[in-house]
Structure formats: C-alpha cells, structure tokens
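The report below describes selected features of a predicted model. Please read it alongside the sequence and the structure.

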Amino acid sequence: MTVKEFFKGKAFKCIAALLCVLLISGIFLTIMNSLLAVTDQERFDRAIKKIYGKAVKTEAVAVADYNSNATIEEAYKIKDDGNYLVKATGKGGFDNGTVTCWIVVKVNKGAVGGIEKVVIDSNSGQSYISYINDKFMAGFYGEYTAGQYFNPNEGFIKTGATRSATAICNAVNAALDYVNALFGNVTVDIYENCSYIENIDTRNTSHEATEEQVTFSIKTKSFKRAGEFSINVTVDKNGVITAYAITTDGSTAGYGKNIHPAIKDGTLFVGKNLAGIEAILDDGIVYPGDNAGTEISTGASQSNFLCLSAAAFAAANYEQFLTVEETPDDNEEGGNENE
Amino acid sequence: MNKYKKITLDGLIYQNPTFMLVLGTCPTLGLISSAFSSMGMGLTVLVILTLSNVIISLLRKLIPDSVRIPCYIVIIATLVTFARMFLDKFLPDLYESLGGFLALIVVNCIILGRAEAFANKHTVAESAVDGIANGLGFTVALTVMGIICEFFGKGSLFGYEIMTFKIGMLAKPAGAFLVYGICIAVFVYIIDGFERMRRVKANKLARENLLKEAA
C-alpha cells in the first residue's frame with residue numbers, strides 16, 4: 001500500500017474521525033473545566049453554608065493532632081461568635097474506613113463549652129453512612145463536661161451503622177481534644193507510654209488498682225473488619241492474669257460465634273503472665289503469622305487478635321499501676337536519716 | 001399518525017426505557033429510595049440523552065461505520081463529564097446525592113441504545129424529539145418509583161417528613177427491586193388494557209362498516 005492509498009483508504013478515515021472527536025471533546029472539556037472548576041474556597045464556603053445556613057467570617061488556625069483515633073485536617077476560628085470550626089477525619093469506620101466531619105466546637109468563657117453542630121463532609125467506604133441521621137448527631141450537642149468522651153455504644157441512638165458512628169465519635173473527640181489544647185488544656189493520656197497500645201483505645205480505657213491486683217477495663221480499637229471490644233482483665237501483683245471477661249463483643253455480625261471458646265471465656269489467658277501471652281503472639285497462631293490457622297485460627301482471627309492484644313496490654317503494663325502503700329517504716333527510715 | 005407524535009409516544013409509553021425495555025436498571029435500583037435523587041438522575045439523563053442524540057445525528061454521515069461505537073462512547077463520556085462539572089458547580093446537593101451513579105451514565109444502555117438504534121439513522125429534529133421523549137419517560141418512571149419508595153420506605157416526600165410509619169426495606173435496593181417489578185406489572189397491565197380497548201373499538205367500527213356495506 002502506498003502512502004497515497006493509505007490516505008485515501010478507509011483506515012485513515014476511521015483514524016481521522018476518531019481523532020477529531022477526541023480532539024474536539026478534549027478542547028471542549030478543557031474549556032469547561034476552566035469555567036466550571038470548583039475552588040477549595042468555594043468548597044469551604046459550601047461547608048460553612050451547610051453548617052450555618054449563611055456565610056460567616058473565619059480565621060484559619062494551625063492544626064495539630066492530640067488524638068490517635070482521628071486526624072485534624074483544618075481548623076478555623078469563627079469571628080462572629082468565637083467558636084471553632086474543625087474538620088476532622090475519624091478512624092475506625094467500617095472496613096478500616098474513615099469519616100470526615102465538620103465540627104463546630106462551642107467556646108464558653110475561654111474554655112470548651114460543647115458541640116454545636118456536626119456535619120459529615122465525606123467518607124471512605126462507609127456503605128451505611130446514610131443511616132447516620134440528625135437524631136444521631138443530636139447526641140453530640142449540649143453542655144460539655146471536662147474530660148468528656150463520646151462513645152457510640154453509650155447514650156447514642158442505634159443507627160445500624162455502628163462502625164461509621166464510631167469513626168464520627170472519634171472525629172468529634174479529636175476536635176474536642178484539639179480545641180481543649182488550644183486553651184492549654186491538653187488531655188493527658190496515662191497509657192501513652194505503655195507497651196502493646198497499638199490496638200488499644202487508650203482514651204476509653206481505665207483501671208482500678210490495689211496493692212494486690214490491677215483490673216483494667218480495656219476498650220480495643222477496631223482491627224480490619226473486627227470492631228472494638230470491651231474487655232475486663234485482672235492482673236495480680238505477680239503479673240499473672242487472674243480474670244478475663246469480654247463485656248462487649250465487637251466482632252462483625254455473625255463472626256462472634258467463631259471466636260475461639262478459650263478466648264471467649266478467657267481460659268486461654270487466665271494463669272498466664274506476659275511471657276505466656278507473648279508466646280502465643282510469637283507463635284502467630286492467633287493472628288497474624290505464617291502458621292495462622294494451625295491451632296486457634298477459627299474464622300474470627302481479627303477478633304481473636306484484638307482479645308489477645310488486650311491481654312498483652314494488661315499483662316505488660318500492670319506493674320506501673322499497682323498501688324504502693326506508704327508504710328510507717330518508710331517514714332521512720334526517713335526520720336533516722338535526718339537525724 | 002404524525003411521526004413526531006409517534007416518536008414521542010414510543011419514548012414515553014410504548015417503548016418506555018424503564019418499564020417496557022427495562023434499560024438503565026442500575027441507577028433505577030440504586031437511586032429510587034429518594035424522590036429527589038431519582039428525579040435529578042432522570043433530568044440529567046434527559047439532557048445528556050437529548051444532546052448526545054443531536055450530536056450523533058449531526059455527525060452520522062461523517063463518522064465511519066466501523067468506528068461509530070467508540071465515537072459514540074467518547075461523545076457520551078464528554079457530555080457526562082460536562083454534566084458532572086455543571087452539577088458540582090451549580091447543584092452540589094444533587095451532585096452529592098447522585099454520587100457514583102452520575103459517572104455511570106456513560107455506560108447507561110438507554111443513551112448508547114438510542115444513539116445506535118435511532119440517532120444514527122434519523123434527522124437531527126427527530127433525534128432531539130426521541131431524546132426528549134425517552135428522557136422524559138425515564139424521568140417520570142424514576143420519579144414515580146422514587147416517590148413510592150421514599151413515601152413508604154422513609155415516610156417522607158422529597159426530604160420532607162410526612163408520616164412516622166415506614167417500611168424500611170422499601171428504602172433499600174431490595175425494596176426498590178420489588179417496587180420496580182410491581183410498577184412494571186401495573187404499567188404493562190394499563191397499556192395492555194388500553195390496547196385491548198382500542199382493538200375492541202376498531203373491531204366494532206369494522207363490523208359496523210361491514211353491516212352498513214351489506215345493508
């Protein structure tokens with residue numbers, strides 16, 4: 001085929017037609033994009049309008065993270081009323097997804113006064129986000145007491161989207177931490193320097209201690225498809241777990257029954273110290289590990305792993321929380337030294 | 001019958017893309033839990049379908065047969081992208097409520113189907129009427145089902161709460177599937193009834209004419 005024949009041929013016509021359509025489409029879309037592009041400022045104004053129903057004057061504030069369960073994306077001081085508008089992305093949603101929210105934190109006499117409004121901005125992979133309604137959001141509104149944290153399992157109406165609700169709660173808690181920090185009230189996390197905290201929601205974990213034992217009320221984070229567990233673990237002064245009880249089963253619906261019976265009733269952990277728990281972790285027989293599936297891989301490996309993490313956390317950190325009673329002897333010794 | 005009237009009636013009733021041809025079921029099932037979203041989707045499809053029919057009809061003699069489908073897809077994709085930009089700029093609420101289904105209009109069978117079956121064989125005016133009629137047929141069908149699903153599934157209408165009684169399942173795709181099936185059955189039953197009445201009337205007229213001729 002000669003060059004002349006090619007240019008007169010059907011193939012050339014086809015290529016030319018397709019290229020022309022592509023070129024014209026490309027030029028058209030380029031022009032339209034420059035005319036119709038939505039700027040970041042416009043998106044921000046839309047968010048403001050959604051929250052306040054009108055335009056308000058704002059002043060950007062530097063962001064910082066004080067809560068590992070969420071990320072602060074943007075923050076503004078509302079000039080009209082002195083409140084803070086915080087955009088936070090909460091972790092721990094369904095399938096490890098996130099929910100980004102705009103949160104209006106009320107300021108009252110130079111301190112956090114409560115939550116005024118929460119509006120969802122976007123989400124990643126939250127199929128049931130439409131179940132989150134205004135009634136749920138209203139659970140955040142009202143007066144704030146210092147140190148208050150929101151938990152979707154407590155005091156909120158059930159939405160049918162617990163995991164998405166958890167991510168929203170995490171975003172709101174992070175916004176509270178952030179604005180508290182702006183006023184110099186940094187919330188101290190007493191478990192911050194503990195070991196085995198990757199899967200522990202330290203802000204919602206607490207403990208009661210005596211000289212003889214420490215009882216932890218542990219709230220785990222979600223792990224992949226498994227949701228948060230609430231587990232009570234008691235560790236005696238020798239570091240041995242004496243009681244283990246799951247109070248809230250966070251496993252995805254239908255998977256709870258697959259948790260290994262010895263984990264469910266705690267017998268796998270009772271009587272073991274940190275070395276014993278670490279041995280299970282090192283074996284990788286729960287999750288994750290090369291030989292997962294050999295012994296107690298049950299079809300709820302992620303839930304099993306969270307339960308194991310709680311046991312490891314308790315066994316590894318009990319010592320620093322044991323109450324040490326001041327004995328009269330100590331004072332006498334001190335007195336003698338002074339003499 | 002006037003050809004434009006026939007095109008219009010075909011698009012709206014006799015070849016209604018949703019109830020008679022069962023095309024574009026993906027956005028239908030995904031969006032009819034909200035009357036606002038379904039009407040928005042219907043109107044967006046109406047505009048894109050009309051524009052694509054007009055453009056394809058204009059270019060029908062210039063585009064070689066062997067590359068017509070890729071060309072149609074590029075044209076439809078361009079229009080859908082334009083619609084997305086337009087909605088994002090001027091109707092952000094609708095843009096958010098349509099979500100991923102907006103981009104999926106590119107592969108909507110109704111649009112490519114009308115381009116291939118009608119626009120590349122007819123004049124620009126006829127193609128425009130066909131686009132409007134089919135688009136309206138799709139919009140009305142989606143809106144009616146959206147109203148039914150939202151009313152019974154959420155107890156509201158276009159977002160305004162009307163009653164507290166609700167059948168939650170109808171606000172979900174499974175319920176939408178049920179409503180879709182019932183609507184098809186009712187629509188076909190009504191059309192069938194009209195057709196039967198028309199046939200009876202025609203037969204009666206023919207019989208009377210025969211009797212007159214015989215007399």
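In this predicted model, strand 2 and strand 3 of chain A form a hairpin with 5 residues between them, and A:G82 in the turn has a positive phi of about 80 degrees. Helices and strands are DSSP runs (H or I of at least four residues for helices, E of at least two for strands), numbered from the N terminus. Strands count as paired if DSSP finds at least two bridges between them. Strand 2 (residues 70-78) of chain A also pairs with strand 1 (residues 58-60) of chain A, in the antiparallel sense and over 3 bridges. Within that pairing, A:T58 has A:I78 in strand 2 of chain A as its bridge partner. Between strand 2 and strand 3 (residues 84-90) of chain A there are 7 bridges, again antiparallel, and A:K77 stands opposite A:Y84 in strand 3 of chain A.

Residues are numbered from 1 along each chain as its sequence is written, while chains are lettered from A and ligands numbered from 1 in the order in which they are written. As the model is predicted, local features need pLDDT of at least 70, side-chain atom pairs count only at pLDDT 80 or more, and totals for chains, interfaces and linings use all residues; side-chain values use heavy atoms, with hydrogens and water left out.

**The four-stranded sheet of chain A**

An open sheet of 4 strands in chain A has the order 7-8-9-10, with antiparallel pairing. Strand 7 (206-209) and strand 10 (241-248) of chain A are the edge strands; each has a single partner strand, so one side of each lacks a neighbour in the sheet. From one strand to the next, the twist averages 15 degrees. Angles run from 0 to 180 degrees between N-to-C directions, with axes fitted as lines to C-alpha atoms, for helices over the stretch in contact. Helix 8 (residues 301-317) of chain A packs on this sheet and touches strand 8, strand 9 (230-236) and strand 10 of chain A; the direction of the helix makes about 140 degrees with that of strand 10. Contact here means heavy atoms within 4.5 Å.

Strand 7 and strand 8 (residues 213-219) of chain A pair in the antiparallel sense over 4 bridges, with A:S217 in strand 8 as the bridge partner of A:S206. Strand 9 and strand 10 of chain A run antiparallel and are joined by 6 bridges; A:V233 stands opposite A:Y244 in strand 10. The hairpin of these two strands has 4 residues between them, and there A:G239 takes a positive phi near 85 degrees.

Most residues other than glycine have a negative phi. A:K109, which is not a glycine, has a positive phi of about 50 degrees. A:K109 lies in the loop between strand 4 (99-108) and strand 5 (111-123) of chain A. In chain B, phi of B:F158 is likewise positive, near 50 degrees, and B:F158 is found in the loop between strand 1 (156-157) and strand 2 (160-161) of chain B.

**Burial of individual residues**

A residue is buried under 20% relative accessible area, exposed over 50%, and partly exposed in between (1.4 Å probe, protein chains only).

| Residue | Relative accessible area | Class |
|---|---|---|
| A:K109 | 82% | exposed |
| B:F194 | 53% | exposed |
| B:F158 | 35% | partly exposed |
| B:S34 | 14% | buried |
| A:N180 | 7% | buried |

A:N180 is part of helix 5 (residues 162-182) of chain A. A:N180 and A:V105 are 75 residues apart in sequence and 9.8 Å apart in space, C-alpha to C-alpha. B:S34 is placed in the loop between helix 2 (25-31) and helix 3 (35-59) of chain B. Apart from neighbours within four places in sequence, B:S34 is in contact with B:G146, B:E150 and B:K154.

**A nonpolar patch on chain B**

B:F194 is found in helix 9 of chain B. B:F194 also belongs to a nonpolar surface patch, whose members include B:F152, B:F165, B:Y189 and B:M197 and which has about 1100 Å² of accessible area together. Helix 9 (residues 173-214) of chain B gives the most to the patch, with 7 residues. Patches are made of residues with over 30% relative accessible area and no salt bridge, with like charges joined within 9 Å and nonpolar side chains (Val, Leu, Ile, Met, Phe, Trp, Tyr) within 5 Å. A salt bridge is a side-chain nitrogen of Lys or Arg within 4 Å of a carboxyl oxygen of Asp or Glu. Accessible areas come from the Shrake-Rupley method with a 1.4 Å probe; for residues, only the protein chains shown count as cover.

**Chain A as a whole**

The secondary structure of chain A comprises 9 helices and 10 strands. Of the 339 residues in chain A, 42% are buried. Chain A exposes about 17600 Å², of which carbon and sulfur atoms supply 52%.
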